[in-house]
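Here is a short tour of one chain, from its overall dimensions down to a few individual residues. Please keep the model open beside the text as you read.

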Amino acid sequence: MERWTTRPLAEVCDLNPPKREVRQKLSVDAQVSFVPMEQLGICQKSIQSNGTRSLGEVYGGYTYFAERDVLLAKITPCFENGKLGIATGLENGVGFGSSEFHVLRCGPSLLPEFLFYFLSQQSIRDNGARLMTGAVGHKRVPLEYVQGLNIPVPPLPEQKRIATAA
């Protein structure tokens with residue numbers, strides 16, 4: 001049996017991937033999915049957009065993500081409530097949404113479903129809430145907290161088994 005390792009999320013995920021990568025794939029007139037904060041469920045694994053907008057309309061002021069990226073709300077009370085999910089069924093494989101999302105793109109050693117269940121833990125939310133910064137009502141969990149979270153990384157077949165059983 002292969003051993004599990006423990007790694008900081010920043011070593012097994014890209015956090016907040018750059019928007020410029022979508023500009024290389026799509027024209028400004030291309031339709032992309034749009035996901036406002038209200039559409040991000042509370043510990044709801046799948047996020048499916050119910051609307052589209054042109055890339056040019058959303059590129060400047062919204063957060064970029066792609067198919068199978070994990071979205072994590074970073075603002076209070078959404079973070080503490082567990083607003084989190086995996087982007088699926090995106091128009092042209094691309095989405096934009098609230099500027100209050102942290103976007104986590106799994107590397108080859110991590111499945112988004114496994115990451116989703118890891119981030120769903122109450123202890124993750126409790127610890128992150130204690131580290132929030134900003135003004136009352138606009139506190140946010142810092143990116144450094146998410147980057148530094150130590151996640152157990154079992155072999156991929158084990159991750160799949162765990163995510164399927166959860």
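## Ground rules

Helices (H or I, at least four residues) and strands (E, at least two) are DSSP runs, numbered from the N terminus. By that scheme, Arg 68 lies in the loop between β6 (63–66) and β7.

This is a predicted model, in which local features need pLDDT of at least 70 and side-chain atom pairs count only at pLDDT 80 or more, while totals for chains, interfaces and linings use all residues. Residues are numbered from 1 along each chain as its sequence is written, and side-chain values use heavy atoms, with hydrogens and water left out.

## The chain as a whole

The secondary structure comes to 8 helices and 11 strands. The radius of gyration is 16 Å, close to the 15 Å that the globule rule gives for 166 residues, so the chain is as compact as a globular protein of that length. (That radius is taken over C-alpha atoms, and the rule is 2.2 Å times the number of residues to the power 0.38.) Along its principal axes, the C-alpha trace spans about 50 × 40 × 25 Å.

Of the 166 residues, 46% count as buried; buried means under 20% relative accessible area, exposed over 50%, and partly exposed in between, with a 1.4 Å probe and protein chains only. The chain exposes about 8300 Å², and carbon and sulfur atoms supply 51% of that area, with accessible areas coming from the Shrake-Rupley method with a 1.4 Å probe. Among contacts (heavy atoms within 4.5 Å) between residues at least 6 apart in sequence, 80% join residues at least 24 apart.

## Strands and their partners

Two strands are taken to pair if DSSP finds at least two bridges between them. Strands β4 and β8 run parallel, joined by 2 bridges, and Ile 47 stands opposite Ala 87 in β8.

Strand β3 (residues 31–35) is largely enclosed by the rest of the structure, because 4 of its 5 residues are buried. Its 3 bridges to β5 (residues 52–54) are antiparallel, with Arg 53 as the bridge partner of Val 32. Another 3 bridges join β3 to β9 (residues 94–97) in parallel, where Ser 33 has Gly 95 as its bridge partner.

## Two nonpolar cores

A nonpolar core is a set of buried Ala, Val, Leu, Ile, Met, Phe, Trp, Tyr and Cys residues joined through side-chain atoms within 4.5 Å. In the largest core, of 25 residues, Leu 9, Cys 13, Leu 104, Leu 110, Leu 115, Leu 119 and Ile 151 touch the most other members. Elements that each supply at least two of its residues include α1 (9–12), β10 (101–106), α5 (112–119) and β11 (150–153). The largest share, 5 residues, comes from α5.

Which α5 residues are buried? They are Pro 112, Phe 114, Leu 115, Phe 116, Phe 118 and Leu 119. With 6 of its 8 residues buried, α5 is largely enclosed by the rest of the structure. Leaving out residues up to four places away in sequence, Leu 119 touches Leu 9, Val 70, Leu 84, Leu 104, Ile 124 and Leu 149. A second, separate core of 13 residues includes Leu 40, Ile 47, Phe 65 and Cys 78.

Arg 105 is found in strand β10 and counts as buried, at 19% relative accessibility. Its side chain makes a polar contact with the side chain of Tyr 64 (3.5 Å). Such a contact is a pair of N or O atoms within 3.5 Å; within protein, one must be able to donate a hydrogen and the other to accept it, and residues adjacent in sequence count only if both atoms are side-chain atoms. Beyond four places in sequence, residues touched by Arg 105 include Asp 14, Glu 21 and Asp 69.

Cys 106, also in β10, is buried at 18% relative accessibility.

## Backbone details in the loops

A cis peptide bond joins Thr 76 and Pro 77, with omega about -5 degrees; Pro 77 is found in the loop between β7 and α4 (78–81). Arg 68 has a positive phi of about 75 degrees although it is not a glycine, and is partly exposed at 34% relative accessibility. Asn 92, in the loop between β8 and β9, has a positive phi near 60 degrees and is partly exposed, with a relative accessible area of 44%.
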